[in-house]
Amino acid sequence: MQRSIALLLKGEFAGAFHMYPAIYPLLLLLTFLGFNLFVKFKYDSFIKATLMITSIVTMVISYVIKMKIIF
């Protein structure tokens with residue numbers, strides 16, 4: 001994840017995605033959580049849950065694919 005963030009800061013967006021595919025859902029989740037501290041939304045719990053599930057599913061799928069390639 002650290003290398004993915006470093007690539008993201010360098011502007012290599014595709015490289016960051018290839019390094020760690022869950023980087024974008026996690027950044028979106030963290031941005032929303034930070035924004036939600038100051039501005040409350042009507043469906044904020046639903047949005048949080050959806051972003052969390054999306055992040056977890058992305059992490060699991062990328063892990064399974066990487067393990068399948070290695071083994």
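**Helix packing, close up**

Modeller: Start with the pair H3 and H4, whose crossing is left-handed (the near helix is turned anticlockwise from the far one by less than a right angle). The model is predicted: local features need pLDDT of at least 70, side-chain atom pairs count only at pLDDT 80 or more, and totals for chains, interfaces and linings use all residues. Residues are numbered from 1 along each chain as its sequence is written, and side-chain values use heavy atoms, without hydrogens or water.

Helices are DSSP runs of H or I, at least four residues, numbered from the N terminus. H4 covers residues 44-70, and its axis and that of H3 come within 9 Å, crossing at roughly 160°. H3 is therefore roughly antiparallel to H4 (over 145 degrees). Axes here are lines fitted to C-alpha atoms over the stretch in contact, with angles from 0 to 180 degrees between N-to-C directions.

Which residues of H3 and H4 meet? H3 brings Pro25, Leu26, Leu28, Leu29, Phe32, Leu33 and Asn36. On the H4 side are Asp44, Ile47, Lys48, Leu51, Met52, Thr54, Ser55, Thr58 and Met59. By class, this contact of H3 with H4 has ten nonpolar, four polar and two charged residues. Ala, Val, Leu, Ile, Met, Phe, Trp, Tyr, Cys and Pro count as nonpolar; Asp, Glu, Lys and Arg as charged; the others, Gly among them, as polar.

Now turn to H1 and H3. Their axes come within 11 Å and cross at roughly 80°. H1 and H3 are therefore roughly perpendicular (65 to 115 degrees). Ser4, Ile5 and Leu8 of H1 make the contact with Ile23, Tyr24 and Leu27 of H3. Five of these residues are nonpolar, one is polar and none is charged.

Look at Ser4 in H1. Ser4 counts as buried, because its relative accessibility is 0% (buried is under 20%, exposed over 50%, partly exposed in between, with a 1.4 Å probe and protein chains only). Beyond four places in sequence, Ser4 touches Ala16, Met19, Tyr20 and Ile23; contact means heavy atoms within 4.5 Å.

Ile5, also in H1, is partly exposed at 35%. Its C-alpha atom is 7.7 Å from that of Ile23, 18 residues apart along the chain.

Notes
Helices (H or I, at least four residues) and strands (E, at least two) are DSSP runs, numbered from the N terminus. Angles under 35 degrees count as roughly parallel, over 145 as roughly antiparallel, 65 to 115 as roughly perpendicular and the rest as oblique.
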